[in-house]
Amino acid sequence: MKYIVFILFTVMTNAAAQLMLKQGMMSMGPISFEGVNPLVKLLQIVFSPWVFLGLCTFVISMASHLYVLSKVELSFAYPFLSLAYVAVAVFAYFVFREDLNGWRIAGIACICVGTVLIAQSGRDLSGREHEDRTASIISDKIGTNEIVR
């Protein structure tokens with residue numbers, strides 16, 4: 001549980017990147033590749049200010065996620081990324097005036113409940129029990145190495 005701050009940082013930077021990408025694409029208007037070299041158009045999209053900032057934020061989010069994955073189990077960390085959907089839906093409602101109807105709110109509630117359940121399961125892997133497991137694995141390896149000699 002001590003890495004929850006990094007997990008939430010990953011979630012929030014992921015959500016922020018999505019919002020920036022949306023803003024960037026809205027500022028560009030409808031995309032058309034007619035009469036334009038697709039590579040040139042792609043470069044125009046990538047290097048538009050909001051899209052570029054969103055992509056950079058994704059890189060920061062990925063770096064944070066890699067750090068998290070080096071510290072906690074994937075089955076614990078990955079489901080937290082679903083909270084990015086919650087953040088995006090809420091911010092999109094306020095910033096872009098997107099629809100947030102009853103079905104979406106119910107889905108968001110399910111995501112939140114599931115994430116809380118997963119977070120509770122992480123307590124089994126933190127603290128003393130995790131240290132005991134690690135010590136047991138290390139002592140087993142030491143014992144195996146001595147037997148081989």
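1. Contact here means heavy atoms within 4.5 Å. With that cut-off, residues 24 or more positions apart account for 76% of the contacts in the protein with a separation of 6 or more. The model is a predicted one.

2. Overall make-up. The protein has 7 helices and 0 strands, and along the sequence the pattern reads α-α-α-α-α-α-α. Of its 149 residues, 26% count as buried. The accessible surface comes to about 10,100 Å², and carbon and sulfur atoms hold 68% of that surface.

3. Helix α1. This helix runs over residues 4–28 and has 25 residues. From first C-alpha to last, α1 reaches 36 Å, close to the 36 Å expected at 1.5 Å a residue. Just after α1, Gly-29 takes a positive phi of about 80 degrees.

4. The buried residues of α1. Among them are Ile-7, Val-11, Leu-19, Met-20 and Leu-21, and the list also includes Thr-10, Thr-13, Asn-14 and Gly-24. The buried residues of α1 pack against α3 (49–69), α4 and α5.

5. Asn-14. Leaving out residues up to four places away in sequence, Asn-14 touches Phe-58, Ser-61 and Ala-84.

6. Nonpolar core. In soluble globular proteins, nonpolar side chains tend to be buried together. In this model the largest nonpolar core has 17 residues, and those with the most contacts inside this core are Val-72 and Phe-80. Helices α1, α4, α5 and α6 each supply at least two residues of the core. The largest share, 5 residues, comes from α5.

7. Val-72. Where does Val-72 lie? Val-72 is in the loop between α3 and α4. With a relative accessible area of 18%, Val-72 falls under the 20% limit and is therefore buried. Apart from neighbours within four places in sequence, Val-72 is in contact with Tyr-3 and Ala-77. Val-72 and Met-1 are 71 residues apart along the chain, while their C-alpha atoms are separated by 9.0 Å.

8. Helix α6, length and start. Helix α6 covers residues 102–121 and has 20 residues. From first C-alpha to last, α6 reaches 29 Å, close to the 28 Å expected at 1.5 Å a residue. At the start of α6, a side-chain oxygen of Asn-101 comes to within 3.1 Å of the backbone nitrogen of Trp-103.

9. Helix α6, two faces. Which residues of α6 are buried? They are Ile-108, Thr-115 and Ala-119. What covers them includes α4 (74–77) and α5 (82–95). The face turned away from the buried side carries the exposed residues Gly-102, Trp-103, Cys-110, Val-113 and Leu-117.

10. Points to keep in view. Helices α4 and α5 are among what the buried residues of α1 pack against, and α4 and α5 are also among what covers the buried residues of α6. Val-72, in the loop between α3 and α4, is one of the residues with the most contacts inside the largest nonpolar core.

Methods:
Residues are numbered from 1 along each chain as its sequence is written. This is a predicted model: local features need pLDDT of at least 70, side-chain atom pairs count only at pLDDT 80 or more; totals for chains, interfaces and linings use all residues. Side-chain values use heavy atoms; hydrogens and water are left out. Helices (H or I, at least four residues) and strands (E, at least two) are DSSP runs, numbered from the N terminus. The expected span of a helix is 1.5 Å times one less than its number of residues. Buried means under 20% relative accessible area, exposed over 50%, partly exposed in between (1.4 Å probe, protein chains only). A polar contact is a pair of N or O atoms within 3.5 Å; within protein, one must be able to donate a hydrogen and the other to accept it, and residues adjacent in sequence count only if both atoms are side-chain atoms. Accessible areas come from the Shrake-Rupley method with a 1.4 Å probe; for residues, only the protein chains shown count as cover. A nonpolar core is a set of buried Ala, Val, Leu, Ile, Met, Phe, Trp, Tyr and Cys residues joined through side-chain atoms within 4.5 Å.
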